[in-house]
Amino acid sequence: MRILALFAFCVTFLFADLIDVYRTQGIDAVKEKLEKQLQEKSYWNNFLEKKDVTYGYYESTKFLILVEKGTKELKVLKNINNLFSQVVQDDVIVGEKSGDKQVEGDLKTPEGVYELTSKLTKLDSFYGPLALVTSYPNTFDKAMNKKGHGIWIHGMPLDKKREEFTQGCIALDNPNLMNLDKNISLNDALVLISEAKIEKVKKDDISSILSFIYKWKDAWRKSDIERYLSFYSNDFKRYDGLDLDGFSQYKKRIFSRKEDKTIIFSNINIIPYPNSLNKKMYKVLMDEKYRTRNHKFDGKKELFIELKDNTIKILTEG
């Protein structure tokens, strides 16, 4: 009760403070004060207090499909208000060769986080009744110069026995595939493919990342080029191969215009990112609304970030 009373007092005090700021300085000053609050890790610590972030933080993703290549196991978790429940668990078949996919034809299943882009039903009978198409190669894969395509979650041959491996896809028994398809929504699902079990996520990581996002946005909004570039890793590479030096020169030209910007993020999802680089990584996937006098964008923003030595850096973005 004391904690609730203290929280109520703090909210009341903050509200009164904002009213006073509005009264004396106007609405722009209120917005600026709220923007600063979103950059504070302490704010996000309080915000996350009763949320389950074991598998990450999700504002729009409703289903997680976890594939562990080592145990050849698939789980589907349903997310309701950031509380997860398991709805499917099945054995699967993965690529013939172990390790992370690098090139076309290496017979390996990739590691990372992928969206489901479509469902195919008119298939060769070898793939079973349907296939769910993943977004491999994703933005990070392209930045790492990984090759290949056509990584599906599909079924078993309808008219013959199949081998105990795939060429890189994920395959499961046809009734189980149909059950998987029935239990998810294609547009609200993410696939996490890892070699071993994904470690539980710490709330401290998520609050740090949320604070980081709003600090990065603030530097971007204010065209503060030096502070903005400080959020990027020296190893940064864009999906098209542009390195940090090239990216910096490009952004310096853009920021030199000193345009007024409106940047709004919504539907923020922070997903632990399995990888073969031994990096502690997350993928940030969110909706972005961006406005300047001469440019308008409404779409997805991706950040692939690394946590290392108490710092967060952007490895690539899309």
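Residues are numbered from 1 along each chain as its sequence is written. In this predicted model, local features need pLDDT of at least 70 and side-chain atom pairs count only at pLDDT 80 or more, while totals for chains, interfaces and linings use all residues; side-chain values use heavy atoms, without hydrogens and water.

Biologist: Which residues of helix H5 are buried?

Modeller: Let's start with the terms: helices (H or I, at least four residues) and strands (E, at least two) are DSSP runs, numbered from the N terminus. Buried means under 20% relative accessible area, exposed over 50%, partly exposed in between (1.4 Å probe, protein chains only). In H5, residues 174-183, the buried ones are Asn 174, Leu 177, Leu 180 and Asp 181.

Biologist: Which residue of E7 stands opposite Ala 131?

Modeller: Two strands pair if DSSP finds at least two bridges between them. E6 and E7 pair in the antiparallel sense over three bridges. Opposite Ala 131 stands His 154.

Biologist: Which side chain makes a polar contact of 2.6 Å with that of Asp 287?

Modeller: A polar contact is a pair of N or O atoms within 3.5 Å; within protein, one must be able to donate a hydrogen and the other to accept it, and residues adjacent in sequence count only if both atoms are side-chain atoms. Asp 287 lies in strand E11, residues 281-291. Its side chain has a polar contact of 3.0 Å with that of Lys 300. The 2.6 Å partner is Asn 267.
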